Amino acid sequence: MTDYQERRGRALAGFLDGVAVIPASSTCARNSDTDYEFRQNSDFFYLTGFDEPDAVLLLAPGHTEHRVVLFLRDRNRAEEIWTGRRLGVERAAAHLGVDCAHSLEELDTLLPEYFSGAHTLWYELGGDAEMDRRVVNALATARYKARRRGTAPGAIAQPSSVLHRLREIKSAEEIATLRRAAALTARGHIAGMRATRPGLFEYEIEAAIEYEYRRGGAQREAYESIVAGGDNATVLHYSTNRQRLIDGTLLLVDSACELDYYATDVTRTWPVNGRFTGEERAIYEIVLAAQAAAIAQVQPGKPQKAFHQAAVRTITEGLLDLKLLEGSVDENIERELYRDYYMHGTGHWLGLDVHDVGNYRDVQDESVLLRPGMVTTVEPGIYIHRDSESDERFKGIGVRIEDDLLVTESGHENLTAATPKKISELESIVGSGVGAAIP
């Protein structure tokens, strides 16, 4: 049994009273006759491993023969010449391990039949207007037929409530892929560090980093790379990446690869000229200490919010030591005065999506407890804007340090530990090999 078949088995158990319809992504026009790069819907890929557009997975646990059904495009020689080979209906069942495969052209005809006998339709409304129309029409047909005999779904529920609980815990296969992706991301960051020197442009460092991802086999970046020199590092989602790097400033790089649909998410900050100034070092050491305190809280059974609270306390203490905040630690935390410098959370789930699915609070509105197999980022930072009322010496400094943590049975594993972050490491690597590739 493949990993995908095992996942479908667990999903079927969650949809026992009904039938689930999970559409694939479609292509999207970029301009003229070109499309944006296709990326499969994460839920659909999680259950199938199939990365062609315009397909629909149907899970019907109550069906006597066909519990797992795939609708997909037919083979078409003329179109395949232009856009690539298709799996086709004839080969789909054996290749993907599904019970039955149909042409997508038969969807409108066959959906009402599969809906018959089900009590709940598990379908995510609002994702695609055309697919919504087709599914709702099929439901109306099934309900009309059920007036004379049988039953049809009387309720519509979100399949994400089942699937996203499954996706929270990563399998051994998923973890292995995340480890490989993390290794490629480390190579990219090291290449960027080596290439950095004053006078280059941010996009040149971006190119050096992303070249290593692709060279190592990654299909794409997990998100738009942030390569932020100087003041740009104080803009959380800066992504223009067009400014020249200035001597005596920092470079914040938030960039990672996606490998076989699994994302990493890493941020490092290093000096453009290879040497931290006194003020830069002071801020960097606070963030590094905050991350260490947060990582120590990534343990099974701990509340998810615990590592954010640890980071906040360490950052607040550090800012008080530098006189960037005044008063007591507890007062600053209670009044959230630290948010002038640290305004975001300390982590998010990671997996098929860079901000992966999963709850942060339970039904009692309490922080969820960490469990083995969960993967989270840990990413504290300090950002001191030029227009703030801070000490002039620190203005324009932005530092974030981010790693990806797997919760294990006994504690945690830092999947991205190979990406350097100690000050001594950074100062020895930055600028050491301009243009040099990572072996």
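# Reading pockets, turns and strands

Me: How much space lies in the second largest pocket?
Reply: The second largest pocket holds about 370 Å³ of space. Among its 20 lining residues, those closest to the centre are His 237, Asp 254, His 348, His 355 and Glu 379. A pocket is found on a 1 Å grid over the protein atoms alone: it is an open set of points where a 1.4 Å probe fits, with protein on both sides within 12 Å along at least five of seven lines, and a lining residue has an atom within 4 Å of a point. Points are joined across faces, edges and corners, and the volume is the space filled by probe spheres set on them.

Me: What kind of model is this?
Reply: It is a predicted model, where local features need pLDDT of at least 70, side-chain atom pairs count only at pLDDT 80 or more, and totals for chains, interfaces and linings use all residues. Residues are numbered from 1 along each chain as its sequence is written, and side-chain values use heavy atoms, with hydrogens and water left out.

Me: Which classes of residue line the second largest pocket?
Reply: Sort by class: Ala, Val, Leu, Ile, Met, Phe, Trp, Tyr, Cys and Pro are nonpolar, Asp, Glu, Lys and Arg are charged, and the others, Gly among them, are polar. This lining has six nonpolar, eight polar and six charged residues.

Me: What is the volume of the largest pocket?
Reply: About 460 Å³. It has 24 lining residues, and the closest to its centre are Pro 23, Ala 24, Asn 41, Gly 127 and Asp 128. By class, the lining has 11 nonpolar, six polar and seven charged residues.

Me: Which helices and strands supply that lining?
Reply: Helices (H or I, at least four residues) and strands (E, at least two) are DSSP runs, numbered from the N terminus. Strand S1 (18-23), helix H6 (129-146) and helix H7 (160-168) each give at least two residues to the lining of the largest pocket. H6 gives the largest share, four residues.

Me: Is Asn 241 buried or exposed?
Reply: Buried means under 20% relative accessible area, exposed over 50%, and partly exposed in between (1.4 Å probe, protein chains only). Asn 241 is buried because its relative accessibility is 1%. Asp 260, at 34%, is partly exposed.

Me: How many disulfides are there?
Reply: A disulfide is a pair of cysteine sulfur atoms within 2.5 Å. The count here is zero. As for burial, Cys 100 has 12% relative accessible area, so Cys 100 is buried. Cys 257 is buried too, at 0%.

Me: Which strands pair with S18?
Reply: Two strands pair if DSSP finds at least two bridges between them. Strand S15 (residues 375-378) pairs with S18 in the antiparallel sense over four bridges. Thr 377 has Asp 404 as its bridge partner in S18. Strand S19 (residues 412-414) runs antiparallel to S18, joined by three bridges. Leu 405 has Asn 414 as its partner in S19. S18 and S19 form a hairpin, with four residues between them.

Me: Which way do the residues of S18 point?
Reply: Asp 403, Leu 405 and Val 407 point one way, while Asp 404 and Leu 406 point the other way. Five of the five residues of S18 (residues 403-407) are buried.
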